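Here is a short note to go with the model. Please keep the structure open while reading.

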Amino acid sequence: SLSCHQTSIMGAYKYMEELWKKKQSDVLRFLQRVRVWEFRQLPAIHRCTHPTRPDKARRLGYKAKQGYVVYRVRVRRGNRKRPVHKGIVNGKPKSAGAINNVTQRRSLRNLAEERVGRRCGNLRVLNSYWVGTDGMYKFFEVILVDSSHRVIRGDPRINWICNATMKHREMRGLTAAGRRARGVGKGHGKHRFMPSRRAIWKKHNSVSFQRFR
């Protein structure tokens, strides 16, 4: 009897994906060292000619056609220091703690999305991904969509982003990075944040009675 051996055929994007999974490999470490040096010489927010990671960008919704733009952003690593003069809080003692290591609730990726969203007010932020890190900065690439472009408005797969409710979605925690910081989702442990922290707080802190007739 003849036995058929099925060989798994991997495309180019799959090879790239597997390569990026091994970030400590010699190939990727060398590439990252060269790339990060180049990124440092460029402005903090600048437009890319094409995505550094086309496989990742496509998985997050990018298409190489009109109306799609990719911006690269660098964000300083680490926690933030409170902006108080000489580290002195002129207030009540309860608010005088935590001057140096104030950990942000939102990630640096979300911060990068916000900065690009402010710079490109006429574009809508779709998603973002990590491209590199050095001693001082983290580098991200943000996928943006031109909601006024006729190609985008005519594409039923993406024209949901043209709705008015999608303006500055990165500022309101509606992108993937923003939702992660908010803690919303489905399943165990998420009920405290659904539909939102504010809605849950309001429900727990308000009393409503039936009207007496």
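Is Cys162 buried or exposed? Cys162 is buried, and its relative accessible area is 17%. Please bear in mind that this is a predicted model.

1. **Cysteines.** The structure has zero disulfides. Cys162 takes part in none, and the nearest cysteine sulfur, that of Cys120, lies 16 Å away. For Cys120, the closest cysteine sulfur belongs to Cys48. That distance is 11 Å, too far for a bond. A disulfide counts here as two cysteine sulfur atoms within 2.5 Å. Cys120 is also buried, with a relative accessible area of 5%.

2. **Secondary structure.** The chain holds seven helices and four strands. Read from the N terminus, the order is α-α-β-α-β-α-β-β-α-α-α.

3. **Overall shape.** The chain is more spread out than a compact globule, because its radius of gyration is 22 Å, well over the 17 Å that the globule rule gives for 213 residues. The C-alpha trace spans about 80 × 60 × 50 Å along its principal axes.

4. Of the 213 residues in the chain, 34% are buried. Among contacts with a separation of 6 or more, 60% join residues 24 or more positions apart.

5. **Surface and charge.** The chain carries 51 positive and 12 negative charges.

Terms used. Residues are numbered from 1 along each chain as its sequence is written. This is a predicted model: local features need pLDDT of at least 70, side-chain atom pairs count only at pLDDT 80 or more; totals for chains, interfaces and linings use all residues. Side-chain values use heavy atoms; hydrogens and water are left out. Helices (H or I, at least four residues) and strands (E, at least two) are DSSP runs, numbered from the N terminus. The radius of gyration is taken over C-alpha atoms; the globule rule is 2.2 Å times the number of residues to the power 0.38. Buried means under 20% relative accessible area, exposed over 50%, partly exposed in between (1.4 Å probe, protein chains only). Contact means heavy atoms within 4.5 Å. Lys and Arg count as positive and Asp and Glu as negative; His and the chain ends are not counted. The place of a charge is taken as NZ of Lys, CZ of Arg, CG of Asp or CD of Glu.
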